[in-house]
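Colleague: Before I use these labels, I would like to know what each one rests on. Please take me through a few of them.

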Amino acid sequence: MADEVTFPVEAGHIMLFARAIGDENPIYKDAEYAKASEVGGIPAPPTFERVWAHWDPDYSLRPKPGEPWFGSAAEATARPQSADEEDDGGGSGRGLHAEQRYVYHRPVLAGETLTARMRPGKTWTKEGRRAGTMTFSEGIIELFDEAGEIVITATTVGVTTSRAVDQ
């Protein structure tokens with residue numbers, strides 16, 4: 001991830017995100033309905049914070065025109081994974097996404113501009129029965145509004161094992 005990623009929260013993106021997750025609540029697409037709601041505008045749905053990645057030029061899973069792309073399946077475009085991607089759980093058979101937590105400090109509304117900043121969290125180990133030592137690592141992404149106030153704290157936990165699972 002780039003050190004800092006700034007992106008707009010647009011009503012059209014919120015509507016499309018809500019459609020993609022199957023949420024037909026009119027608050028995500030009807031400005032008048034949303035204006036009359038408790039939040040007073042079109043709010044971003046839960047997990048919308050992940051869209052910061054589309055504005056990050058360094059995000060490893062974001063397709064880049066003219067470059068081979070790993071994608072979401074093993075060797076989707078025949079580009080081998082780098083060692084860094086394998087360490088992140090990208091296909092070595094030793095890593096996976098273990099947990100995602102969100103703390104919403106206030107609603108995110110269409111029309112805002114947010115800045116995402118990533119920092120490392122805790123790291124710990126646990127001995128596994130089938131794949132050796134498991135190393136758990138947190139990545140924390142904090143999203144701030146234009147006034148510098150924190151809006152969302154997202155914590156991702158990944159786990160990497162010391163060897164592939166015994167069959």
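Colleague: Where does G148 lie?

Modeller: G148 sits in the loop between strand 4 (133-144) and strand 5 (150-161). Strands here are DSSP runs of E with at least two residues, numbered from the N terminus. This is a predicted model, in which local features need pLDDT of at least 70, side-chain atom pairs count only at pLDDT 80 or more, and totals for chains, interfaces and linings use all residues. Residues are numbered from 1 along each chain as its sequence is written, and side-chain values use heavy atoms, with hydrogens and water left out.

Colleague: Why is G148 called partly exposed?

Modeller: Buried means under 20% relative accessible area, exposed over 50%, and partly exposed in between (1.4 Å probe, protein chains only). G148 has 45% relative accessibility, so the label is partly exposed.

Colleague: What makes E4 and R117 a salt bridge?

Modeller: The term requires a side-chain nitrogen of Lys or Arg within 4 Å of a carboxyl oxygen of Asp or Glu. For E4 and R117 the N to O distance is 2.8 Å. The pair links distant parts of the chain, with E4 in strand 1 (residues 4-8) and R117 in strand 3 (residues 113-127), 113 residues apart.

Colleague: How many salt bridges does the structure hold?

Modeller: The total is 7 salt bridges. Among them is R106 with E112, at 2.5 Å, N to O.

Terms used
Helix = DSSP H or I, 4+ residues; strand = E, 2+ residues; numbered from the N terminus.
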